[in-house]
Amino acid sequence: MPFLHRPQVQKLAALTGHLDCVYALAGTSGADTFYSAGADGMVAVWHTDEAAQDGALVAKVENSVYALRHLPDRNLLVIGHNFQGIQAIDLAEKKLVFATALPPAAIFDMVYSEARQRLYVALGDGTLAILRATDFKVESLLKLSDKSLRCLALHEERGELAVGGSDWRLRLLDADSLELKQEWEGGTNSIFTAGYSPDGRYLLTAGRDAHLRSWDVAAGYAEHRSIVAHLFTINHLAFSPDGALLATCSMDKSIKLWDAETLALLRVVDKARHAGHGTSVNKLFWPGRQNRLVSCSDDRSLAVWELT
């Protein structure tokens, strides 16, 4: 059902402690714990119910971190350590349990397939790395482009992996065989973020050209909608746990909330109206409470928002 009312947004907390830009957020729907990382190499854990408290350090790595993935069933946090590889932290023991070297490049995104017991990793040298989930050893390295692979989206039921890159292209792979099923130009510049709608009917993408696009899965990924959604680069998109809202964030310093079904704009969250971030907003995460949203920014802070 489309949203009937525009949600009101209140800033609950500004979370500080990172010493440089914050690029990555991770967590699991249904949990109020979430994780952050960025240019300072620090990986921290936070609790939305204790927003006034400082985060706790989970790990410190040498280089910046653009990608995190929480695996709740194994209580692991997987860190994409730029130019080093994948590191998995046991959150109960707070210790490193797996480390896998990858080609020396930035790690822009990771998605995990529970059904296939695989971790897919998008690298800055155009390589897709496929790792076994049991021990995070490399199954294969697939060179897809001469440009960076920037984002991944997994459709578990269809067994399809969508890959967006800095070559402006979207690639659709069979998640099992890794066969290239389809390839097309998905924008007029780099594609930075991708995600399937909660009902699996659409693939949504966005990036440097500031357009939000939806692709009809059943119609062979034909373009369904294209919206000029922000003034500058769209860094990330994320659906709320109940599937009713879509949030986008941008280099234009704003967060926008959309009706997930109609893509009607419902609310703009920015510095002037909501004491929002002062620089680029890089990543979004919806914690366990469906009326809360977390954002992170180049301004070194995270923010917790409550929607009513």
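User: What does R201 count as, going by relative accessibility?
Analyst: R201 counts as partly exposed, at 47% relative accessibility; buried means under 20% relative accessible area, exposed over 50%, and partly exposed lies in between, with a 1.4 Å probe and protein chains only. Bear in mind that this is a predicted model, in which local features need pLDDT of at least 70 and side-chain atom pairs count only at pLDDT 80 or more, while totals for chains, interfaces and linings use all residues. Residues are numbered from 1 along each chain as its sequence is written, and side-chain values use heavy atoms, with hydrogens and water left out.

User: And which residue does R201 form a salt bridge with?
Analyst: Its partner is D199, with the closest N and O atoms 3.9 Å apart, where a salt bridge is a side-chain nitrogen of Lys or Arg within 4 Å of a carboxyl oxygen of Asp or Glu.

User: How many salt bridges does the structure hold?
Analyst: It holds 14. One of them joins the side chains of R118 and E139 at 2.9 Å, N to O. Since R118 lies in strand β11 (residues 118-123) and E139 in strand β13 (residues 138-143), the pair ties together parts that are 21 residues apart in sequence. Strands here are DSSP runs of E with at least two residues, helices are runs of H or I with at least four, and both are numbered from the N terminus.

User: OK, switching to the core. Which members of the largest nonpolar core touch the most others?
Analyst: Of its 17 residues, I86, L119 and V121 touch the most other members; a nonpolar core is a set of buried Ala, Val, Leu, Ile, Met, Phe, Trp, Tyr and Cys residues joined through side-chain atoms within 4.5 Å. At least two residues of this core come from each of β6 (65-71), β7 (76-81), β8 (85-90), β10 (107-113), β11 and β12 (127-132). A second, separate core has 16 residues, among them I255, L266, L284 and L307.

User: What is L119 in contact with, beyond its neighbours within four places in sequence?
Analyst: Its contacts, meaning heavy atoms within 4.5 Å, are V78, I86, M110, V111, Y112, A129, I130, L131 and F136.

User: Now the open sheet of four strands: what order does it have?
Analyst: The order is β2-β3-β4-β5 with antiparallel pairing, two strands being paired if DSSP finds at least two bridges between them. β2 (22-27) and β5 (56-60) stand at the edges with a single partner strand each, so one side of each is left without a neighbour in the sheet. The twist averages 25° from one strand to the next, with axes as lines fitted to C-alpha atoms (for helices over the stretch in contact) and angles running from 0 to 180 degrees between N-to-C directions.

User: How many bridges link β4 to β3 and to β5?
Analyst: β3 (residues 33-38) pairs with β4 over five bridges, and β4 (residues 42-47) pairs with β5 over four. A44 in β4 is the bridge partner of S36 and also stands opposite L57 in β5, while V43 stands opposite A59. Five of the six residues of β4 are buried, leaving the strand mostly covered.

User: What lies between β3 and β4?
Analyst: They form a hairpin with three residues between them, and G41 in the turn has a positive phi of about 75°.
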